[in-house]
Amino acid sequence: MASKLVIIIVFILDLIAVGLAIAAEQRRSVGKVVPDKEKVYEYCEYGSDIATSYGASAFVLLLTTQVIIMVASKCFCCGKALSPGGSRACAIILFLICWVFFLIAEICLLAASIRNAYHTKYRKMWNVDEPPSCEVIRKGVFAAGASFALFTAIVSQFYYVCYSRARDDYKNPPY
């Protein structure tokens, strides 16, 4: 039987991580060009930088839930053998899918947080034909991280349940 405590803790932390990633998408930095007082230079002015903190927090929470699931299931490779059958096969497939979704979510959240924190200060300080832009993170990167975090949450829950079922079948054979 899967531990209800592990399932509840992981579900709550995953839900918070998805919420933080969605909040980061809503609050990502927006840059605009502003001339200085003497109208000699132009610089970039950015809005709130809270999205970086939201994205980094979602990254850490998602990492924490993945560690909890892997420790609870002994990362599928350590511990006693599992009972052959449908539950073990399902657990293997869900284990692989869970890691793929997790890696995509973590990459999106980390890249978005780093890119959101990067700000160009001055644009036209020197006589350059093409000054740097006030580029900000593309819309939807945090949202992609949030959606893959949600997929990771769902798949990791199913993985843990299938793993626990296969482990319990090995301890108590059905015959």
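1. Helices (H or I, at least four residues) and strands (E, at least two) are DSSP runs, numbered from the N terminus. Ile 92, discussed in point 6, is found in helix α3.

2. This is a predicted model, in which local features need pLDDT of at least 70, side-chain atom pairs count only at pLDDT 80 or more, and totals for chains, interfaces and linings use all residues. Residues are numbered from 1 along each chain as its sequence is written, and side-chain values use heavy atoms, with hydrogens and water left out.

3. The protein has four helices and two strands. Read from the N terminus on, the order of the elements is α-β-β-α-α-α. Of its 175 residues, 37% count as buried; buried means under 20% relative accessible area, exposed over 50%, and partly exposed in between (1.4 Å probe, protein chains only). A contact means heavy atoms within 4.5 Å. Among contacts between residues at least 6 apart in sequence, 81% join residues at least 24 apart.

4. Helix α1 (residues 4-26) packs against helix α2 (residues 50-72) at an angle of about 160°, with the axes 8 Å apart. Axes are lines fitted to C-alpha atoms, for helices over the stretch in contact, and angles run from 0 to 180 degrees between N-to-C directions. The two helices α1 and α2 are therefore roughly antiparallel to each other (under 35 degrees counts as roughly parallel, over 145 as roughly antiparallel, 65 to 115 as roughly perpendicular and the rest as oblique). Their crossing is left-handed, a word used if the near helix is turned anticlockwise from the far one by less than a right angle; clockwise is right-handed. The residues of α1 that meet α2 include Val 6, Ile 9, Leu 13 and Leu 20, and those on the α2 side include Tyr 54, Leu 61, Leu 62 and Ile 69. Ile 22 is also found in α1 and, at 44% relative accessibility, counts as partly exposed. Between Ile 22 and Ala 51 there are 29 residues of sequence separation and 9.5 Å in space, C-alpha to C-alpha.

5. Helix α2 also packs with helix α3 (residues 86-117): the axes come within 8 Å and cross at roughly 160°. The pair α2 and α3 is therefore roughly antiparallel too, and the crossing of α2 and α3 is left-handed. Among the residues that meet here are Phe 59, Leu 63 and Met 70 in α2, and Phe 95, Trp 99 and Phe 102 in α3. Ala 51, Gly 55, Ala 58 and Leu 62 of α2 are listed in the contacts with α1 and also in those with α3.

6. Ile 92 of α3 counts as partly exposed, at 35% relative accessibility. The C-alpha atoms of Ile 92 and Tyr 163 are separated by 8.3 Å, although the two are 71 residues apart along the chain.

7. The UniProt record (unreviewed entry) places the feature "transmembrane region" at residues 56-77, 89-114 and 141-162. UniProt positions are given in the numbering used here, feature names are shortened, and annotations may be inferred rather than shown by experiment. In the model, residues 56-77 are 77% helix and 0% strand, with the end C-alpha atoms 29 Å apart. Residues 141-162 are 100% helix and 0% strand, and there the end C-alpha atoms are 31 Å apart.

8. How many salt bridges does a search of the whole structure find? There is one, where a salt bridge is a side-chain nitrogen of Lys or Arg within 4 Å of a carboxyl oxygen of Asp or Glu. Arg 28 pairs with Glu 25, the closest N and O atoms being 3.5 Å apart. Arg 28 is buried, with a relative accessible area of 19%, and Glu 25 is buried at 11%.
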